[in-house]
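The following exercises are to be worked with the sequence and the three-dimensional structure at hand.

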Amino acid sequence: MASFIVMFFGLVMAFAIARFSLRHNLLNKQTALPAFMFVLCVAAFPQSQTFTPSWIAALALLVSSSLIYESHSKRKPAIYCFLAAFWMAAASLFYYKAIFIYPLLFIIIITVRSFNFKSLLATILGFLLPWYLYFGLLYVQGADVMEVAESFAIKKEMFLNYAKLPLQAWINFVLLGLFVLMAFISIAQHYNTKKIFIRVLYKVLVITTVYLTVVASIIGYSFESIPIIAVPVSILFAHLFDNIKSVRWQNILMLILMGVVIVSQILM
């Protein structure tokens, strides 16, 4: 049953990422390459293929980011900011570390230039509403609200809590990190050739990748963070391959990625 849930979430995430890329014309041609890249990123770490609440947080990150992107062209961006914060807060009820992703929403809102007093207030209220409803329900049911609140408190044990990762996992982190660096360089090289809003979206993807990597390094790397980080990284990888002119180099880099996945499935 758990494997089926992971497969379902993986397929939903992959198709949602591909749809997002197509909707905003992030690549030079219509392709499902971002979906394939997401599958490869997750498959490189077999331990991340077990169902954890972080999958819910990954889906919430994608939905929230999409809503904020949509707010850029709307007359009332506050509604979209409210919904974006609401979904992220709802995810944090299942996966408490999603709280650390919440500040990223403000960064995205500022980057896409949807920031004003109404959107700021809407983002705060949207995040508080699910928690208000949750604790209100507990109170009605007669539960000890303070005891439950203490279980969600941010404690020092949450930070630098590194899992004991096998050597192959660290090798994968290094290799994928090199691919991310190449993707950053590719975006910088083609930055001026893109439309203004497409530039903004890629700027957000880069910021999101850096932010999630920093947060993961602070709270401790673990396999549960892989689906979340793979959301922006999959689009960056797709951009990298989409802009490689040499078919030979495309094949070589693709073989390296697929080799990482195959070796990981065997050794990990």
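**Exercise 1.** Is Cys-81 buried or exposed?

*Solution.* The model is predicted, so local features need pLDDT of at least 70 and side-chain atom pairs count only at pLDDT 80 or more, while totals for chains, interfaces and linings use all residues. Residues are numbered from 1 along each chain as its sequence is written, and side-chain values use heavy atoms, with hydrogens and water left out.

Step 1. Recall the classes: buried means under 20% relative accessible area, exposed over 50%, and partly exposed in between, with a 1.4 Å probe and protein chains only.
Step 2. Cys-81 has a relative accessible area of 1% and is therefore buried.
Step 3. Cys-41, at 7%, is also buried.
Step 4. The structure holds zero disulfides (a disulfide is a pair of cysteine sulfur atoms within 2.5 Å).

**Exercise 2.** Describe the setting of Ser-71.

*Solution.* Step 1. Ser-71 belongs to helix α3, residues 54–71 (helices are DSSP runs of H or I with at least four residues, and strands are runs of E with at least two, numbered from the N terminus).
Step 1. Its relative accessible area of 1% makes Ser-71 buried.
Step 2. Beyond its neighbours within four places in sequence, Ser-71 is in contact with Pro-77, Tyr-80 and Ser-114 (contact means heavy atoms within 4.5 Å).

**Exercise 3.** Which residues does Leu-33 contact, leaving aside its neighbours within four places in sequence?

*Solution.* Step 1. Locate Leu-33 in helix α2, residues 33–43.
Step 1. Leu-33 is buried, at 17% relative accessible area.
Step 2. The contacts of Leu-33 outside that sequence range are Ala-238, Phe-241 and Asp-242.
Step 3. Ala-14 is 19 residues from Leu-33 in sequence, and their C-alpha atoms are 9.5 Å apart.

**Exercise 4.** Which residues have the most contacts inside the largest nonpolar core?

*Solution.* Step 1. A nonpolar core is a set of buried Ala, Val, Leu, Ile, Met, Phe, Trp, Tyr and Cys residues joined through side-chain atoms within 4.5 Å.
Step 1. The largest such core has 84 residues, and Met-37, Phe-38 and Phe-237 have the most contacts inside it.
Step 2. Helix α10 gives the most to this core, with 12 residues.
Step 3. Leaving aside neighbours within four places in sequence, Phe-237 is in contact with several residues, including Met-37, Cys-41 and Leu-257.
Step 4. As background, nonpolar side chains in soluble globular proteins tend to be buried together.
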